[in-house]
Structure formats: C-alpha cells, structure tokens
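This briefing concerns aromatic side chains and their surroundings. Please consult the sequence and structure below alongside the points that follow.

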Amino acid sequence: MKKYNFNAGPSMLPREVIENTAKQILDFNGSGLSIMEISHRAKDFQPVVDEAVSLVKELLNIPEGYSVIFLGGGASLQFTQIPANFLIKKAGYLNTGAWAKKALKEAKFYGEVVEVASSADKNYTYMPRDFEIPTDLDYLHITTNNTIYGTETREDMDCPVPLIGDMSSDIMSRPVDVSKYTAIYAGAQKNMAMAGVTMIIVKDDMLGKMNREVPTMLNYSTHVEKGSMFNTPPVVPIYSLLETMRWVKAQGGVTEMDRRAKERAEILYGEIDRNKLFHGTVEEDSRSLMNICFVMNEEYKDLEKPFLDFATERGMVGIKGHRSVGGFRASCYNAQTIEGVNELVKAMKDFEAQH
C-alpha cells in the first residue's frame with residue numbers, strides 16, 4: 001500500500017533528496033568513504049556547505065550584509081541563542097502558540113520580556129493583528145507558523161524595531177523579504193532537510209553589540225567568522241539540506257512552492273468546509289498552509305477514532321492532531337503532493353458517505 005506522509009516533523013522529504021543523500025552515505029563523491037565518516041574539514045565537504053549557503057541566499061533573495069550559518073541544537077537552542085545575542089534591556093514576543101511561548105520563557109533569562117500580543121485567549125486559533133509595538137524593544141520575536149495549532153502569517157510585517165522570525169515550519173514555502181529581519185532561524189526538519197541542522201540568517205551589522213560577554217558557542221559571531229565550522233557541524237543533515245535546496249530550485253523556487261502550498265490548502269480546506277463531519281479549528285484569515293488542523297463536528301465526535309483508523313487503512317500517516325487541539329492535522333510541507341492531499345480528501349468523502 002502506498003503511504004502518504006502528513007507528519008508534522010520530522011516530515012516528508014522529496015524522494016530524490018532521500019535517495020541522493022543515501023548514495024552519499026554509502027560512498028561520498030566516489031571517495032570510498034561514507035559522508036558519515038569524513039572530516040568536516042575535508043576538501044570535499046567544504047563545497048557542500050558553500051553551495052548550500054549559496055542556494056539559500058539565491059532562493060530567498062537574501063540581500064548583501066547577511067550571513068547564513070548551519071548549527072546543531074534545533075530551533076529550541078535558538079530560543080536561548082537569540083536573546084543571548086540581541087537582548088540588552090527588553091525584548092517583545094508575540095505569543096501565538098506552544099513554541100512561541102517556549103521562546104518567550106527562555107528569553108527571560110537574559111532580560112525583561114514583554115508579551116506584545118497573544119492569541120492564548122482563544123486557544124491560539126488566530127494570529128494577532130493590529131497590535132502596538134513598543135519602540136523601546138531590542139527586538140520583536142515572531143513565530144510565523146504554528147505547527148500545533150495550525151495558524152500562520154505569510155506576510156513580512158513592517159516593524160519599528162529589529163524583527164526576528166522563527167520560520168522553522170514554513171521557511172522555503174514562500175518568498176520572504178529578508179531585509180525586514182535582523183535574524184531568521186529554522187529547524188530544518190520540515191521544508192529543508194532531515195532533522196539535526198538549524199539554519200540561521202543573521203544581519204551582520206547587528207552582531208557584536210552586546211554589553212556583556214556571550215559564551216563562545218552561543219555567539220553568532222563565532223560561527224559566522226568560521227563559516228559554520230567552529231566545531232563539527234551536522235554533516236549529513238547539511239548534505240540533505242543541500243539536496244533539498246537543489247530540488248526546490250529545480251521545481252521553480254519558492255514562488256512555485258508558494259503556489260503549490262496554496263493549491264494544496266485550497267483543496268483540503270475546501271473539503272473540510274464542505275464535509276458535514278468536520279470543521280476547521282482556526283479562524284479563516286489565520287489558517288496555516290503548512291499544518292491544516294480540523295476536528296469532528298460535535299454530533300460526530302464519537303467517529304474520531306473510526307475515521308483515524310479508516311484513513312490509516314487508506315495509507316494516511318501522521319494525521320492525528322496534537323493533544324492540545326485534538327482531532328486531525330494534515331501537514332502539507334513542500335514535498336507533499338497533490339496526490340496525497342486528494343487521497344486524504346477522498347478518504348474524508350468516503351467516510352462521510354458511510355455515516
């Protein structure tokens with residue numbers, strides 16, 4: 001039976017990325033060694049990092065004056081690393097879900113943190129809008145897509161203070177105006193690579209302004225100066241990131257990824273809104289194109305597990321919703337196909353017909 005992977009992360013990757021990475025695990029560039037065995041300082045590996053950086057800059061149209069680095073630790077480490085580098089007196093955070101809340105919590109170790117806006121009052125079912133941004137902030141931190149709750153903003157806001165974005169789950173799914181940000185970070189295991197590497201885009205002239213010592217490994221300058229090679233980087237995940245960037249470019253870049261994301265979402269949200277058994281969990285103007293969340297209508301609540309079993313038997317993988325929301329979550333990252341979405345929709349229609 002064919003499987004359709006809707007996991008929220010680590011998530012689906014293009015098949016050719018998996019196959020090409022697997023080849024290098026067996027024999028890297030005809031060296032007779034696995035890429036898992038080579039030194040990160042080997043002459044054959046530096047071109048991998050250089051091309052990956054170049055493609056990220058090309059695909060996101062990153063202007064001059066920004067560096068791209070690859071680190072370990074996931075986005076969760078960035079919750080600490082961002083304030084370590086940029087929080088001098090006071091930072092602002094938008095509280096739009098579990099990950100934004102965790103980022104806010106970690107920042108409090110470094111200084112005053114204010115919650116500029118929140119959607120917690122409605123269980124994070126919308127993205128805050130029309131909020132006032134204090135002008136005395138060192139930065140404003142936003143999470144552009146919220147995997148658990150299925151909310152997203154696909155616009156780059158104008159901000160009177162330095163703007164920092166956690167784009168872990170929607171990076172490379174749309175064009176981004178990088179010039180509006182001081183830093184963007186993304187755990188790679190959604191749209192960029194296998195788990196294990198984090199990409200950070202950072203504005204060079206914002207580094208080195210901290211009024212206190214920053215630990216060496218937390219200091220972005222350390223990694224910018226060494227080109228991500230200060231210590232052993234996650235070699236295989238970086239290679240899989242390179243292969244994914246090659247794939248995105250070959251498919252037509254982030255503009256094409258954006259078009260596909262909208263097409264998938266239109267199909268699936270259309271069925272959610274039509275089907276008498278289900279309803280969406282998020283306000284329409286905040287709906288994520290990456291993580292599509294829906295639940296059973298109250299009168300059909302007892303059919304939740306039967307539908308999960310039914311869809312699983314049809315080859316759907318990973319559609320169970322997060323416990324904070326319940327119901328179902330279909331994650332539609334860049335590698336997700338229209339075929340996969342249509343098969344899920346067919347399962348929803350067939351299950352409706354039975355009940």
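Phe-79 counts as buried, with 5% relative accessibility, where buried means under 20% relative accessible area, exposed over 50% and partly exposed in between (1.4 Å probe, protein chains only). Tyr-185 is likewise buried, at 0% relative accessibility. The model is predicted: local features need pLDDT of at least 70, side-chain atom pairs count only at pLDDT 80 or more, and totals for chains, interfaces and linings use all residues. Residues are numbered from 1 along each chain as its sequence is written, and side-chain values use heavy atoms, with hydrogens and water left out.

**Aromatic pairs**

- Twelve aromatic pairs are found in the whole structure; rings of Phe, Tyr and Trp (its six-membered ring) pair if their centres lie within 6.5 Å, and planes under 30 degrees apart count as stacked, over 60 as edge-to-face and the rest as tilted.
- Phe-79 and Tyr-185 make an edge-to-face pair, at 6.4 Å centre to centre and 70 degrees between the planes.
- Because Phe-79 belongs to helix H3 (residues 74–86) and Tyr-185 to strand S9 (residues 183–187), this pair ties together parts 106 residues apart in sequence; helices (H or I, at least four residues) and strands (E, at least two) are DSSP runs, numbered from the N terminus.

**A tilted pair**

- Phe-86 and Tyr-220 are both buried.
- Their ring centres are 6.0 Å apart and their planes at 35 degrees, so the pair is tilted.
- This pair links Phe-86 in helix H3 with Tyr-220 in helix H5 (residues 220–225), 134 residues apart.

**Cluster**

- One aromatic cluster is formed by Phe-278, Phe-294, Phe-307, Phe-310, Phe-328 and Phe-351.
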